[in-house]
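Let's take a walk through this structure together.

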Amino acid sequence: MIRLESPCTETDKLPESRTLFKRLGHNPFRLLLLLALLVLGGCGDPPWNDPWPSEDVSGSVFFSSFAERPKYLDPARSYSSNEWAFISQVYEPPLQYHYLKRPYELVPLTADGMPEVRRYDAAGRLLPADAPADQVATTEYLIHIRPGIRYQPHPAFARTADGSYRYWPLREEDLAERYTLADFPETGTRELVAADYAYQIKRLAFPPNHSPLAGLLAEHIEGFAAFAKAAAEQARRDRAAGRLWTDLRPLQMEGVRVIDRYTYSIRLKDSYPQFIYWLATNFFAPMPWEAERFHAQPGMTERNITLNWYPVGTGPFMLTENNPNLRMVLERNPNFHGERYPAEGSEADRARGLLDDAGKPMPFIDKEVYALEKEAIPRWNKFLQGYYDSSGIASDSFDQAVQLAADGDARLTPEMREKGIALDTAVETSIYYMGFNMRDPMVGGDPDDPADQERARKLRQAIAIAVDWEEFIAIFNNGRGLPAHGPLPPGIFGYREGREGINPVVYRWQDGKPVRRSIEEAKRLLAEAGYPDGIDPLTGNALVLYYDTALSGPGSKSILQWYVNQFRKLGISLVVRATDYNRFQEKMLKGTAQIFSWGWNADYPDPENFLFLLYGPNSKVEHHGENAANFANAEFDALFERMKNLPNGAERQQVIDRMVAILQTESPWLFGYYPKAFSLHHVWYHNALPHLMANNTLKYKRIGGALRARRQKEWNQPVTWPLWTLLGLLVLSAVPAIRDYRARERRRAR
């Protein structure tokens, strides 16, 4: 619960006033004195409206907010950004992303070096590192963990004097009066070992955990699917025997091997070089079996004392309060193994002060407090008052915070600059696009008729020119976006800038910048497709196309009307078919949608993670994959299979360029835009740097609490004149009552 401080620091005034009121009894002066004390009581620190304890405000505490309750904090299940914002500070996979380096680079976290990667052919012979992917039958990742890393204090590790576990086994009656993890007073710890990483991989395969990564890993890790079946059968036997916990340690997974106390290996049944990126995610963080067993005891789930509520890790912080209807609190892990701020960075980083803490031990923050804020306006106002250290910018507040200059650059308003607020921007590794269902005969064409394929292609190209994403970004995103020329966003290998990166179907290069082709060019393509002025020759009326969406609510109406207007420029009638999200998903799976909008956010910074969205075997209809457009092109698919196993370099870039050119010509997507993230932070919030891949970034941040306390006091001085005015009016109105009171007292005295 957020504690509210008394508005007066001189708290001894209040007991004195209570004694005075008792002495006054029913004296009418009591109300006047009370009001005076209330006014005078606000004379000290902190500000009257400060929601935080004064010692936290001046200390090394980070204050922020969250808008949506995190549902899953178990690293086997969690896959949402609002959940990873918390658990990434607690759990530590073997690898992480370097905080300052761009392009993004993986570095060791708990590992004592980068994994040793060994490739073997079908006969089991070791291959050289540069062996072609088609020769690789299996790949092994050998990972060494640094000794001496210990888990946070946790009751699962607590032991009695004889060495047995303090809280295992527990009976239901033992849980009386225990409602949170803090109600277990005794804690313990132990060293992180390689077996904890192996145990977590088994948990990813265990069907009751419903890991969203299970399907992908079953395609790559040897024995993953077989383990899942064996573990499910063991769970059935355990339930039949009345056991709530299935111990996965005795069950073996062929592709996961613990070699010694600090070494384990993961064996893949293919090449899949992108696997190394998964080793930097929470899915591959360690899980101590004791923690899982502790939380599986009877009565724990009913009390929300579960891994989905309380993470258990080795990271710099631990979750000490989980009250998602009010606030979440992370505090420094006293057992943290230590880590130093990176010393490598660019000159631009040095100029911004991002290397001022180079080599210093982390974390710099002692505690993080996140308050629930469901509404954007209160969250924004508290940021401006200095009560939150950083903030995004909602559309309603954009003009108050940011001005777009004539050159398109975003700049802070004078009000923001006066407060010392800084602006950070970054193009996200995401894309929002409008897609065509290539299985639809109208927009996809007949796959057996080349002429009809050409008709549909020119129709899509004409629409691609007509739909003005620059206008969309300006109207609906406050300019926060970059028009997309292909599927790869900036920061991903393969992305091209400048003239060589434009989509020539939609743009031409003019005066050193891309210029969208004219609507006349789009109409010419439309006429070549057989629809002059947008007229369908079969009906003699405007061509009718259908846009399927799950958008709802007052804000979506203007967006949908904008889409209709874009198609109207070509004389095409766009019919919006809005439905709920489940029905929309069903239509996408069955291939009954015609035109739709979707988006994708990178799981890892590799072009494969975007180009696979248009790979034929990933078709949503045929294979329930992520190829929502159901695009299939033999040349593109062959290039994709080649590209995904190539290392970054000239050869891979050449293959990607050809793949993007195919997509630009075929236009299964209107590429839409790459969203641009805008964030603000106060001057006392140091080492702020947008990082679009890493989530464990709180350890790098530093807070100047003394400056924050001063600024909060300056910005939140109470306006007391209305109270004084009210007090004066009450005094004047009380004069007759006081006269009557004195007259009655004199009569009694006689």
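Pro 605 has a relative accessibility of 8%, so this residue counts as buried (under 20% relative accessible area, with exposed over 50% and partly exposed in between, using a 1.4 Å probe and protein chains only). You will find Pro 605 in the loop between strand E24 (595–601) and helix H20. Leaving aside neighbours within four places in sequence, Pro 605 is in contact (heavy atoms within 4.5 Å) with Tyr 97, Tyr 104, Tyr 277, Ile 492 and Met 693.

A word on the model: it is predicted, with local features needing pLDDT of at least 70 and side-chain atom pairs counting only at pLDDT 80 or more, while totals for chains, interfaces and linings use all residues. Residues are numbered from 1 along each chain as its sequence is written, and side-chain values use heavy atoms, leaving out hydrogens and water.

Now for the helices. Helices (H or I, at least four residues) and strands (E, at least two) are DSSP runs, numbered from the N terminus. The axes of H22 (residues 634–643) and H23 (residues 650–666) come within 10 Å and cross at roughly 155°; axes are lines fitted to C-alpha atoms, for helices over the stretch in contact, and angles run from 0 to 180 degrees between N-to-C directions.

Turn to H23 itself. Among its buried residues are Val 655, Ile 656 and Met 659. The cover over the buried residues of H23 includes helix H15 (450–466), helix H20 (608–611), H22 and strand E25 (669–681). Just after H23, Ser 667 takes a positive phi of about 50°.
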